[in-house]
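Hi,

Here is the structure I said I would pass on.

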Amino acid sequence: MDICYHAHIDREIESLIERIHPPRVCIDNDSCRDCTVVKQVDSANRKGILLEMVQVLTDLDLIISKSYISSDGGWFMDVFHVTDEAGKKLTDETLMLHIQQELCVTRSKGKILKDREGGSEKGEEEEVVGREITAMEMSGMDRAGLLSELAGVLVELGCVVTAATAWTHNDRVACIILVEDALKAGPISDPKRLGLVEEQLENVVAAHRGERKRVRVTRLGAGHTHRERRLHQLMYADRDYESCRACDGDSSGEHKKGCDGTHVSVGKCEDKGYLVVNVRSRDRPKLLFDTVCVLTDMQYVVFHAAISSKRSMAHQEYYIRQMGSSVIPSESEKQKLALCLIAAVERRVSHGLRVDIVTENRVGLLSNVTRVFRENGLSVSRVEIGTEGGKAVGSFFVTDCSGEEVNPNIVELVRRETGGSVVIDHKSPHRLHQSSSSSSSSSSSVIHQTNDTVEAKPKLSLGSLLWSRLERLSGGFGPVN
């Protein structure tokens, strides 16, 4: 008889089992020559526990090269082969102790960040103001200059950006921007002002009538939202996976192929009632986290899995069931699962030139940098920026709107605007298209502040100049009913 996961297990019984058999975490540096093995055995295979463990490891910037996951009824065992970013075994005793503590603490809390579409269901207003953050979430149709317009509106409304993360995929965009009050350096607590910010941002996003879109400004408790986890949810809700059908070619049925070479097959194991999912793609950091995110969002439970990487390719195999059900999903559901997995792999893949900045954070910094990109005919495909000790540190991936190679001299214009250091990375590990000339050059070029000027040739026409001015003016107008 098959033992399936049931979400309605009595919490008192589950708590008793956990006290009798607490989770055990072992970090082994001896059994494998070139990596550290992290093992966890637990007595309760509850929803989301695999995602919690993977998130702990990826948030520490650890690289997972292999993983074995197996569950038998309520028990499960996870094994991860990890290295640091340099590909070395873990040797820092403090870091290894931290991993053990984080895995056990995460498990004992009973749940990771609450997966939800809009804040916690209760208690959000009860958070201490000093621990709150103001977050803007947006998803919808992507277009050149959109992030610049959003950042410009935030400046006009007296907001300073403390962090921003944005992904683009299949002409869709999702972003999360954390802001503070520019005057008092804290969260924006006035509901009327929050409503005004949301209304003005929605005016910018609503340029394409009839398009599905989402804009939300809210107050969240500190540490309440994992931004990358939330971006996956926003893009899944925005159905960015639907456009993956255009990349299938002749693929049909249970086999799907993504635009970047990602292959997904969904079969079935009749004896055990499992779906058997195989994902083959280019290897990269956080790949496992991205695929487990989509499986969790689609309400699938992982019972067994094997993940491995060889050279630049990664292979993932999952044995899954829909939560609370042993019924094999229909063909249409299997095709949707395959498309969603392709989308999850592709979202983090970044196209274009990577521009890294380090400078003093200030009001309007994000607006100024993105305006430089927009006025020079560049589109931002991905953003990751935050603050560290008063400095803004982050990366922008930019592409030329006309499809041409990005002029590296753009970094000089960004440097003039920011007053900080700017780095361009010609060999970003996430780039799909690299010029042949970059293979023989150094991996990065650093532009320092000097008295010498670099001649930049921005692609700025009279039409683009007029359009940029109109965009600035349009930010102050409301929608016409």
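**The cysteines**

Cys-269 counts as partly exposed, because its relative accessibility is 23%. Keep in mind as you read that this is a predicted model.

Cys-340 is another story: it is buried, with a relative accessible area of 0%. What is the closest cysteine sulfur to the one in Cys-340? That would be the sulfur of Cys-244, at 8.2 Å. A disulfide needs the two sulfur atoms within 2.5 Å, so this pair is too far apart for a bond. For the structure as a whole, the disulfide count is zero.

**Around strand S7**

The other thing I looked at is strand S7, which covers residues 172-181. Is S7 mostly covered or mostly open? Mostly covered: nine of its ten residues are buried.

S6 and S7 make a hairpin, with two residues between the strands. Asn-170 sits in that turn and has a positive phi of about 50°.

Strand S5 (residues 132-141) pairs with S7 as well, again in the antiparallel sense, over eight bridges. Here you can look for Ala-135, which has Leu-178 as its bridge partner in S7.

That's what I have for now.

Cheers

How values were computed: Residues numbered from 1 in each chain as written. Predicted model: local features only at pLDDT ≥ 70, side-chain atom pairs only at ≥ 80, totals over all residues. Heavy atoms only, no water. Buried < 20%, exposed > 50% of the residue type's maximum accessible area, 1.4 Å probe, protein only. Helix = DSSP H or I, 4+ residues; strand = E, 2+ residues; numbered from the N terminus. Pairing = 2+ DSSP bridges.
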